[in-house]
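Thanks for coming. I will keep this brief and take one part of the fold at a time, so please have the picture in view.

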Amino acid sequence: MIKKCKLAICQIKVAEDKAVNIKHAGELVRQAAGRGAQVVVLPEMFNCPYETHLFPGYAETYPSGETVQMLSRLAAELDIVLVGGSIPEREKDVVYNTCFTFGPRGTLLGRHRKVHLFDVDLPGLRVQESSTLGPGSEFTVIDAGWCKIGVMICFDVRFPELARLLALAGADILVVPAAFNTVTGPAHWDLTMRARAVDNQVFVAAASPARDNQGGYVAYGHSMVVDPWGDVLARAGTGEEIIMVEVNPEKIREVRRRLPLLTLRRTDLYTINRKR
Ligand SMILES: NC(=O)CCC(=O)C(=O)O
């Protein structure tokens, strides 16, 4: 079962230069660990501007890629669980939007490839992730020692089915490296993160890049941690920031004992039988 732990989110500004991004992410992770964080989370595409046409050029392979090497080294050196946001990852001819999580010995604890690609056509926002990315096809729950972490990458969080699967598989915290934007963020960021927490009575930790108004895609910011009751424990502004909370397992137990949603489900009714 989950133990008390300190979790930090590094809301970092992403630049064009991959090497600069890797170095800068390392500096913020170091700061978070220096403040006592045992679990540190980075945002979606933290080593690459969120521009779909750039993903293949920034992509790297596991385990030789420079970003994954840095994440593994840093997790070992700082003795932390490092949820490495996401990066473009290449395997054979396919590029994935992938989150690598490393443990205190620098070993890979889990790899989540974004399952739901962000293909949308909204007023002021057209994105087609599937033009350069392939979708993952597995769900990911990581035993991180302190807690079990279910990983979803950004758009994945809009699909309650995935969050429910992760919770039923034992996740205590849904960690969401994300890059919502200034179109959908104001309408749905808080709502969606809080909804997944309340539905599943888990913690949700959502990590965004800092906002860069000069960028082609303007990230929303406002990284946040929500508790199993839906209360927001910490919320960043739009600039660079580290937010930190203590995750207390008692909160999951208390909320589930008083309001036993997961045990009161009527799973006997939840299949559609079409009668002709
Ligand atoms: N990078 C993403 O998946 C963005 C998802 C998003 O902004 C949303 O509204 O959903």
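Let me start with helix 4, residues 160-168, where A163, L166 and A167 are buried. Bear in mind that this is a predicted model. Looking down the axis of helix 4, the buried residues lie within an arc of 100°, so they line one face of the helix.

What covers the buried residues of helix 4? The cover includes strand 9, strand 10, strand 11 and helix 5. Just after helix 4 comes G170, with a positive phi of about 105°.

Six strands make up an open sheet, ordered 9-10-11-12-13-14, with mixed pairing. Strand 9, at 140-143, and strand 14, at 232-235, are the edges; each has a single partner strand, so one side of each has no neighbour in the sheet. On average, neighbouring strands here are turned by 15° against each other, direction ignored.

T140 stands opposite V151 in strand 10.

Next is helix 5, residues 185-200. Helix 5 lies across strand 11 (173-177), strand 12 (203-207) and strand 13 (224-226), and runs at about 155° to strand 12.

Last, the ligand. Which residues are around it? They are E44, F118, C154, F155, R158, A179, F180, N181, T184 and H188. By class, this shell has five nonpolar, three polar and two charged residues.

Notes. Residues are numbered from 1 along each chain as its sequence is written. This is a predicted model: local features need pLDDT of at least 70, side-chain atom pairs count only at pLDDT 80 or more; totals for chains, interfaces and linings use all residues. A residue is near a molecule or strand if its C-beta atom, placed from the backbone, lies within 6 Å of it. Ala, Val, Leu, Ile, Met, Phe, Trp, Tyr, Cys and Pro count as nonpolar, Asp, Glu, Lys and Arg as charged, and the others, Gly among them, as polar. Two strands pair if DSSP finds at least two bridges between them. Helices (H or I, at least four residues) and strands (E, at least two) are DSSP runs, numbered from the N terminus. Axes are lines fitted to C-alpha atoms, for helices over the stretch in contact, and angles run from 0 to 180 degrees between N-to-C directions. Two residues are in contact if their C-beta atoms, placed from the backbone, lie within 7 Å. A residue is buried if 20 or more other C-beta atoms lie within 10 Å of its own, exposed if 12 or fewer, and partly exposed in between; C-beta atoms are placed from the backbone. The arc is that of the directions from the helix axis to the C-beta atoms.
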